[in-house]
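Please keep the structure open while reading.

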Amino acid sequence: MAAFLLGAVLLIVQPQIVPSRPAINLNAETSSQSVQRELLKKTSQKNDFKENIHSNGSCQQLPQTIIIGVRKGGTRALLEMLSLHPDIAAAESEVHFFDWEDHYRNGLQWYINQMPFSYPHQITVEKTPAYFTSPKVPERVYSMNQSMRLLLILRDPSERVLSDYTQVFYNHMQKHKPYPSIEQFLIKNGELNVDYKAINRSLYYIHMQNWLKHFPLDHIHIVDGDKLIKDPFPEIEKVERFLKLSPQINASNFYFNKTKGFYCLRDSGRERCLHESKGRAHPQVDTRLLEKLQEYFHEPNKKFFELVGRTFDWHTFVAS
């Protein structure tokens, strides 16, 4: 019966954009596809999962790699740069499958339907930055695939807080809605407001501990977001090696745009930059307040360095 069910998995789907490469032999099933079939069977009460297979040999499949965060750490830049590789098929939008209950209740078939069409030799990647700081997500991802390769991009925690505020500020401005100054969020009763969500998101060691309960450290590659901004190619090389991809991306794929003030991408003669919402100037913050923020992150940063066995060049201020 199981063999019969596995043989009847074709599904007529609504027209979607699919790769335009020559058709690949469907009988040449990869090990990842085999694992996916078994996973779908185990997680379906009715065993009614169906693969969406296109006539050219591409299909929608569960991701083998997830960019789990961190919010305002450079996840979009990482995904765009990684997408330069021909063996990467990336979901365009943030899926929020594991952290939004309404989505998670839809099940894995819904999750697969959000993925791009890809070929057996390609790695499907999805990006949802909120996964890193959501307590229930690591166990859910592990339950789906214990062999998942995870990408985590981090930047200076203090800078990330300012970037977090800046995004929300501009979102309100675009809607012509007032928004408090950053000082009103950072200070409460004359002290640093450690309950501010943006500060909590930058306590990397707390969230990392949760992920390490389920995944070994060698399944989580940490991208240095500050270095990715300044010199992207070396960081992307490391990601290629982590994902066991052939070295296809090179330094010529990146060029510095003086007008925008950050690196843009060059692919087959076509140049493109990240959305104008990226790289916005942060609000001016009083030096003493910024030092207080950096001082607060000093010990949490040390704990994170010890946890992952490496250090990062993040600003820190230690009161004398």
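## Helix α7

The buried residues of α7 are P157, S158, R160, V161, L162, S163, D164, Y165, T166 and V168, where buried means under 20% relative accessible area with a 1.4 Å probe and protein chains only. These buried residues pack against α8 (182–186), α9 (197–201), α10 and α13 (287–308), contact being defined as heavy atoms within 4.5 Å. Helices here are DSSP runs of H or I with at least four residues and strands are runs of E with at least two, both numbered from the N terminus.

The model is a predicted one, in which local features need pLDDT of at least 70 and side-chain atom pairs count only at pLDDT 80 or more, while totals for chains, interfaces and linings use all residues. Residues are numbered from 1 along each chain as its sequence is written, and side-chain values use heavy atoms, with hydrogens and water left out.

At 1.5 Å a residue, the 18 residues of α7 (157–174) should span 26 Å, which agrees with the 26 Å between its end C-alpha atoms; the expected span is 1.5 Å times one less than the number of residues. At the start of α7, a side-chain oxygen of D156 comes within 2.9 Å of the backbone nitrogen of S158, and just after the helix H176 adopts a positive phi of about 60°.

## The parallel sheet

Five strands form an open sheet with parallel pairing in the order β4-β6-β3-β7-β10, two strands being paired if DSSP finds at least two bridges between them. The edge strands, each pairing on one side only, are β4 (88–90) and β10 (220–224). Within the sheet, β3 (65–69) is joined to the parallel strand β7 (149–154) by four bridges, and T65 stands opposite R149 in β7.

Helix α10 (204–212) lies across β3, β7 and β10 and runs at about 155° to β10, with axes fitted to C-alpha atoms, for helices over the stretch in contact, and angles from 0 to 180 degrees between N-to-C directions.

## Nonpolar cores

The largest nonpolar core has 33 residues, of which Y111, W211 and F304 touch the most other members; such a core is a set of buried Ala, Val, Leu, Ile, Met, Phe, Trp, Tyr and Cys residues joined through side-chain atoms within 4.5 Å. Its largest share, four residues, comes from α10.

Leaving aside residues up to four places away in sequence, W211 touches I68, Y131, F132, V137, P138, V141, L150 and I220. Apart from this core lies another, of 28 residues, including A77, M81, L228 and L243.

Definitions and conventions:
Buried < 20%, exposed > 50% of the residue type's maximum accessible area, 1.4 Å probe, protein only. Polar contact = N/O pair within 3.5 Å; in protein donor to acceptor, adjacent residues only side chain to side chain.
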